[in-house]
Amino acid sequence: MSAIDDSQSDLRPFPVDSNDGSSQPDGYGSIEQDERAFRRPRSDTMSTIRSGIEIVRENMDRWKFLYLILASLFIYLSFIAAFAPRTSLARDLRRFHSARMTQSEVYRIFLDTLLYENKAEQHHDAISKTNGTSYIKNYLIDLGFEIKNDSYYAWVNTPVKQQVRVIQDDEIIYQAKLKEDLTGVSHNAFHGYSKDGKLTARFVYCNYCTIEDYTKLVNDKIDIEGKVHICKYGINAPGNKLKNAELYGSTGVLIFTDINEIPNMPVNYGAINSSETNSYDDAIQRDTVRFGSDIFGDPTTPGYAALYPDTERMNPNDYMPSIPSLPISYRDASKLLDMLHAKGSFWVSKDGVNSAKLFSGPSDPNTEVQLVNRQEYGVQQIDNIIVEIPGILSENDILIGAHRDGFPIGNGTSSMSSHSGIAVLLEFARGISKLRKKGWKPLRTIKFVLWDGLHNSQLGSSNFGTRYATSLKRDSLLYVNLDNAVAGKYFNVKANPMLISAITEASKNIDYKKNEDWSLFQEWCNTSNAKVDSLEGDNDYSVFQFYLGIPVVNFGFNSRTSNQPQFPINTGYDNKEWLIRYVDPEFLLHNTLSRFLGMFVLMVSETELSYYNPHPFFKHLNLQFDKVKRFAEKTFSRNEKLIDKLDSLGKLIKDIADYDSKYYEQRNKEVADGVSSELPIWAFVRKYRVFLSLIRANKKLREIGKVFLTNNGIEGRPLMKSSLFAPNLENSTEIMMFPGLLEATKQKDAQKAMKSLIVLEAQFLNVRYLLL
């Protein structure tokens with residue numbers, strides 16, 4: 001067989017003609033012809049390609065050929081760029097992470113999920129039982145979340161025996177009950193972190209046990225040393241009452257709630273809970289008495305987490321009372337106060353509701369109170385439950401927390417103050433679960449945590465905050481707290497002023513109790529003119545606000561109006577029956593708050609530029625500094641150097657509030673506009689610049705609160721690291737602004753005041769540079 005020459009020019013399609021001009025049927029040619037015919041199709045293809053290349057080579061050198069390829073590519077890309085759809089950076093961020101849902105779709109799906117079904121009552125009933133923790137975990141797992149147990153080992157007290165008796169001439173003439181009359185209440189009331197002890201002494205009534213009250217008693221020459229001091233709840237925190245009582249020589253303290261000072265207190269409440277009838281005068285408010293102005297968390301591990309049972313511990317004596325204390329009911333307190341009638345000074349109720357005079361005493365020499373408070377202290381495991389939903393952007397985490405513990409009441413149950421917050425958080429989780437099942441991924445990471453150990457001393461949140469302090473300061477955008485979420489009908493917001501805009505906008509998009517004609521914002525305006533209150537000083541958010549510098553918001557429904565019964569927190573009446581009768585019979589307030597929480601969190605999560613407004617924050621700081629400045633100027637009026645420093649710092653803060661922060665917000669608006677601007681595909685360099693501007697702006701916003709942290713904290717209070725906020729020394733449930741300067745001024749310590757001013761000046765200068 002001869003080889004076939006691919007270069008032959010006389011090859012023709014099959015069938016071929018014979019040499020003699022005759023034709024033969026298909027398949028009847030010579031072997032050479034058949035093989036040539038068989039190879040001819042491949043030969044034609046290869047010849048065509050080679051011939052084309054040769055033609056190009058003959059007419060163009062290799063550089064011209066390269067230019068032709070590049071020109072063709074340029075024309076192609078230009079065509080794509082000219083006719084491709086324009087996109088924004090906001091859309092690209094989601095597209096790159098396979099997130100296809102728009103913000104409007106996210107909001108609609110979440111809200112519809114909670115509107116169609118309300119499971120808040122189901123959650124209430126389940127977590128009221130002894131297996132409440134198991135229910136929470138199983139429910140979250142059923143929703144598709146992975147849960148993490150975050151365990152610590154806290155030093156806490158367990159009540160063993162509590163007793164209060166009145167002894168007259170060595171005979172017992174009265175014994176307090178120390179628990180409510182309600183069915184199911186079997187545990188005696190006690191105080192968290194109270195001193196173990198037993199004593200017998202005369203007693204004296206000291207009103208609220210504030211410094212002003214003790215000053216009055218001393219001025220009136222009332223013998224208060226070596227006595228049991230009786231105090232009313234209110235004005236200051238229980239820990240501050242104990243601290244003051246120690247200072248003035250008390251041997252023990254009894255604390256009660258004066259029901260005459262509670263507006264619109266219902267009568268015969270017991271009829272809805274048991275066969276008994278009462279007027280709430282048997283209610284006993286449990287609480288903690290550790291010194292919340294000085295510390296948050298476990299007093300044996302201040303500033304670090306107890307990860308193991310044998311964690312090294314500090315002496316707690318500086319942070320808890322050295323004298324025993326117990327809470328008692330108004331009924332029992334009245335018996336003791338009757339024995340003080342016409343003895344010593346007299347007091348009048350703070351709002352004049354009770355016209356009767358309450359006398360200070362002390363009691364007669366032969367009339368004493370015997371106080372027994374047996375407590376066992378030991379290490380117990382506490383468990384936070386954590387759920388994390390990873391987002392697209394890093395270092396912009398949103399944390400949501402609610403405590404799940406309560407004071408033990410009896411039959412394995414606890415006070416219900418935690419249940420509303422947990423129910424709201426679980427409903428929020430249900431809405432988020434629905435979004436995830438549809439393929440949604442949040443722009444920012446969302447974490448929610450169910451804290452343990454709030455009532456003793458924010459044990460769960462403080463251990464969490466100190467353990468993860470570095471990553472929390474680096475990554476966290478804000479913390480949302482749900483404490484006593486539904487305890488009344490009055491919508492209340494406590495928040496860092498930087499978050500007010502986001503809160504307001506979210507409330508406008510939520511209807512109140514499913515009334516389409518009335519928004520939550522309208523209800524808020526109607527009841528309080530949309531007022532935003534200052535945050536408190538002693539709560540699960542303490543570690544975030546005072547130690548980590550993370551902005552905080554706490555919202556819910558409470559009973560701070562005269563026509564609503566006061567919620568009986570941490571008493572035997574802190575139960576579902578109260579909630580249904582006086583607050584939320586159909587759990588519509590729970591539903592409203594769950595939807596509002598979702599709207600607020602999703603607005604913050606799904607907005608590329610952090611939903612912060614520094615301008616209102618610095619306006620608030622300017623206003624508060626003016627108050628402290630006037631007080632300091634009056635106190636140090638003869639110290640010209642200190643007055644000059646006050647003036648210069650005041651001017652700096654005012655400039656930041658009036659100009660720098662306002663200009664910074666305008667530039668941030670330009671960044672936000674750039675993020676949402678639709679740009680052609682060829683403007684990728686411009687998009688990259690916008691992306692870098694977005695990252696820088698978010699980082700700056702996240703750093704504003706942290707600029708005001710100090711390594712050593714406030715003098716005498718090392719855990720309170722913020723120069724802007726700290727619990728009030730006289731009442732840990734309130735905060736004080738510019739605490740270092742204010743404390744120094746009250747102490748008339750010019751050197752300490754100057755040191756505080758120097759620190760504040762450096763911090764505000766850093767803020768000014770940050771806002772550039």
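Predicted model: local features only at pLDDT ≥ 70, side-chain atom pairs only at ≥ 80, totals over all residues.
Mentor: Residues are numbered from 1 along each chain as its sequence is written, and side-chain values use heavy atoms, leaving out hydrogens and water.

Trainee: Why is G344 called exposed?

Mentor: Exposed means over 50% relative accessible area, buried under 20%, and partly exposed in between, with a 1.4 Å probe and protein chains only. G344 has 51% relative accessibility, so it counts as exposed.

Trainee: What does G344 touch?

Mentor: Contact means heavy atoms within 4.5 Å. Not counting residues up to four places away in sequence, G344 touches I222, F359, S360 and G361.

Trainee: Why is strand β17 described as largely enclosed?

Mentor: Strands are DSSP runs of E, at least two residues, numbered from the N terminus. Seven of the seven residues of β17 (residues 476-482) are buried, so the rest of the structure largely encloses this strand.

Trainee: What makes β13 and β17 a pair?

Mentor: Strands pair if DSSP finds at least two bridges between them. β13 (residues 393-403) and β17 have six, in the parallel sense, and D397 stands opposite S476.

Trainee: And how many bridges join β17 and β22?

Mentor: Three, again in the parallel sense, with β22 covering residues 552-558. There, Y479 has V552 as its bridge partner.

Notes: Helix = DSSP H or I, 4+ residues; strand = E, 2+ residues; numbered from the N terminus.
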